[in-house]
Amino acid sequence: MRTTVQLLLVASLYGCVATTPRPDAGDQLVDPIPFSLALEEIVTTGIRQRLPDPASARFGRTLAGERTLNGRKEIVVCGFVNSKDPPGGSGGDQAFIAKIYPDSGSSFELVTMGSASETRRLVARTCSAAGMPISDSDLNTQL
């Protein structure tokens with residue numbers, strides 16, 4: 001009987017092995033990082049390139065965090081920008097999410113940007129889920 005119990009115990013533990021943790025999924029939290037001058041330069045340059053009047057861009061609150069996704073380090077940036085349309089009118093506040101890849105020459109990728117309420121909600125929800133709570137009330141905080 002004792003041998004049978006020992007065999008059952010060993011057999012039940014046989015399937016328990018240590019596994020390597022899975023890489024971060026896209027919806028996992030980021031580790032907040034300070035918004036350095038170098039990071040600010042990369043983000044403002046990347047966003048300005050996509051605006052009709054880049055010189056008029058005024059950035060609101062912007063948050064950054066880093067994570068590793070599929071073995072690749074990335075910095076996720078959430079924020080707001082206000083710029084003018086080419087004729088000089090207000091283009092409105094736009095929410096954005098961008099990614100910077102430090103291991104790839106700090107390449108910049110704009111994930112989404114827009115002024116529509118659905119885009120703004122998407123940015124707020126996505127950034128909050130990643131651990132960077134940002135909302136429309138952050139629009140007036142300028143960099």
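**A buried glutamine and the nonpolar cores**

Gln94 is buried, with a relative accessible area of 14%, where buried denotes under 20% relative accessible area, exposed over 50% and partly exposed the range in between (1.4 Å probe, protein chains only). The model is a predicted one, in which local features need pLDDT of at least 70 and side-chain atom pairs count only at pLDDT 80 or more, whereas totals for chains, interfaces and linings use all residues. Residues are numbered from 1 along each chain as its sequence is written, and side-chain values use heavy atoms, with hydrogens and water left out.

Gln94 is placed in strand S4, helices (H or I, at least four residues) and strands (E, at least two) being DSSP runs numbered from the N terminus. Leaving aside neighbours within four places in sequence, Gln94 has contacts (heavy atoms within 4.5 Å) with residues including Leu51, Phe80, Val81, Met113 and Arg120.

A nonpolar core is defined as a set of buried Ala, Val, Leu, Ile, Met, Phe, Trp, Tyr and Cys residues joined through side-chain atoms within 4.5 Å. The largest such core holds 14 residues, of which Leu39, Val43, Ile47, Val77, Val81, Phe96 and Ile100 touch the most other members. Two or more residues are given to this core by each of helix H2 (37-48), strand S2 (58-69), strand S3 (72-84) and strand S4 (90-101). Apart from this core lies another, of 12 residues, among them Val30, Val76, Cys127 and Met132.

Strands S2 and S3 pair in the antiparallel sense over 10 bridges, pairing requiring that DSSP find at least two bridges between two strands. Leu63 has Cys78 in S3 as its bridge partner.
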